Amino acid sequence: MKAVLCKQYGPPEALVLEDVPSLQPGPGQVVISVRATGVNFPDTLIIENRYQLKPDLPFSPGAEVAGIVQAVGEGVRAFRPGDRVVAVPGYGGYAEQTLAREEDTFPLPEGIDFADAAAFLIAYGTTHYALQVRAVLRPGETLLVLGAAGGTGLSAVEMGKLLGARVIAAASSDDKLALCRERGADEVINYSREDLRQRIKDLTGGRGVDVVYDPVGGSYSEAALRSMAWNGRFLVIGFTAGEIPKIALNLTLLKGCSIVGVWWGGFLRSEPERAAALTRELVGWFRQGKVRPYISKRYPLEQAAQALAEVAARKATGKIVLLPGSVQSG
């Protein structure tokens, strides 16, 4: 099979495409014939040895796949060859085959496209967990989404509206904000040319926002935290800006607010039964058309480095997916 390999830590252009032996499942594992792979920001970190998950070299990045079960290992009961699945193996997805643990693999109903599925689970799973479990977002509350045109950001815009919130989307260009409007945002802020705090004050009548969804980090985090309403919840999703902000803790005292960490991967492993129940609910919403990922580009496996470089440079809107075996991009 073909696989995109990280053989030495470095930028996306250091990745190589090679023929490697086909995979065999170990106990509790499934081999998945990959039909589509989601490209996510943590993929840019893992190839530079800057992520909490540190596989041995060489390895293939790619934490999110959709495909067909090819083989199952000893002890696997939930799946058999031929089943359609979506999985979060953590790494290994930039390849024609990947290994996943049974507990990290979920049934994919007929009627859901492989590309949609591969662009769906991490972004929407993270947001579902963030808004319902960590923030307990209530109808009528105001949700501010930073980096709102990215994959996780758009999922927060969409799911925030589904849960009955008033959604303010913040992004760096008018084109990105137009997309946010299309996905349901009530108000928008272009923080490349508008003062974030002043705009939040204007849009909320000085009250502030109840929940901040922050996958960006960097210089906007503190401004958003200072713009929170009493009893607000600040959701720490990630740091695509590259800078992990240092927050003065007196702000939480003055605002009566909480800073809440969100790591969906840790949730899957620490609370597997609850996570599985939430995933079933999420897939149900997907099947009903209540949520659907926005895929901006599709690339063949050979162009994985280009796709990953776009994500690393924060040029991507929505999600990018790789299609192993494909000869077209779009």
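Where in the chain does P58 lie, and between which two elements?

Analyst: This is a predicted model, and every value below is computed from it. P58 is located in the loop that runs between α1 (41-46) and β4 (65-72). The peptide bond joining L57 to P58 is cis, with omega at about -10°. Most peptide bonds are trans, and most residues other than glycine have a negative phi.

The loop between α1 and β4 also holds N49. Phi of N49 is near 60°, which is positive although the residue is not a glycine. N49 has a relative accessible area of 33%, so it is partly exposed, the class between 20% and 50%. N231, however, is placed in strand β12 (residues 228-236). With a relative accessible area of 48%, N231 is partly exposed.

From N49 one can turn to V311, which is 262 residues away along the chain; the C-alpha atoms of the two are separated by 17 Å. V311 belongs to helix α11 (residues 304-312). Its relative accessible area is 13%, and V311 therefore counts as buried, the limit being 20%. With neighbours up to four places away in sequence left aside, the contacts of V311 are V39, N40, F41, T44, A316 and I320.

T142 is part of strand β8 (residues 142-145), and at 8% relative accessibility it is buried. Apart from neighbours within four places in sequence, T142 touches R166, I168, T204, V209, D210 and V211.

Helix packing comes next. Two packed helices are described by the angle between their axes and the distance between the axes. For helix α3 (residues 121-134) and helix α10 (residues 272-287), the axes come within 10 Å and cross at roughly 110°. The two helices are therefore roughly perpendicular to each other, and α3 passes α10 in a right-handed crossing. On the α3 side the contact is made by L121, Y124, G125, H128, Q132 and V133; on the α10 side it is made by R274, L278, T279, E281, L282 and W285.

Helix α3 also packs against helix α4 (residues 151-162), with axes that come within 9 Å and cross at roughly 50°. That angle makes α3 oblique to α4, and this crossing is right-handed too. Here A123, Y124, T127, H128 and L131 of α3 meet G151, T152, S155, A156, E158, M159 and G160 of α4.

Y124 leads on to the aromatic rings. A pair of aromatic rings is described by the distance of the centres and the angle of the planes. A search of the whole structure gives five aromatic pairs. One of them joins F120 and Y124, with 5.0 Å from centre to centre and 25° between the planes, and it is stacked. Both F120 and Y124 are buried. Ring pairs also tie F120 and Y124 to F286, and the three form a cluster. Another ring, that of F114, has the charged end of R84 sitting over it, 4.6 Å from the ring centre.

Technical notes:
Residues are numbered from 1 along each chain as its sequence is written. This is a predicted model: local features need pLDDT of at least 70, side-chain atom pairs count only at pLDDT 80 or more; totals for chains, interfaces and linings use all residues. Side-chain values use heavy atoms; hydrogens and water are left out. Rings of Phe, Tyr and Trp (its six-membered ring) pair if their centres lie within 6.5 Å; planes under 30 degrees apart count as stacked, over 60 as edge-to-face and the rest as tilted. Buried means under 20% relative accessible area, exposed over 50%, partly exposed in between (1.4 Å probe, protein chains only). A charge sits over a ring if NZ of Lys or CZ of Arg is within 6 Å of the ring centre and within 35 degrees of the ring normal. Axes are lines fitted to C-alpha atoms, for helices over the stretch in contact, and angles run from 0 to 180 degrees between N-to-C directions. Helices (H or I, at least four residues) and strands (E, at least two) are DSSP runs, numbered from the N terminus. Angles under 35 degrees count as roughly parallel, over 145 as roughly antiparallel, 65 to 115 as roughly perpendicular and the rest as oblique. A crossing is left-handed if the near helix is turned anticlockwise from the far one by less than a right angle, and right-handed if clockwise. Contact means heavy atoms within 4.5 Å.
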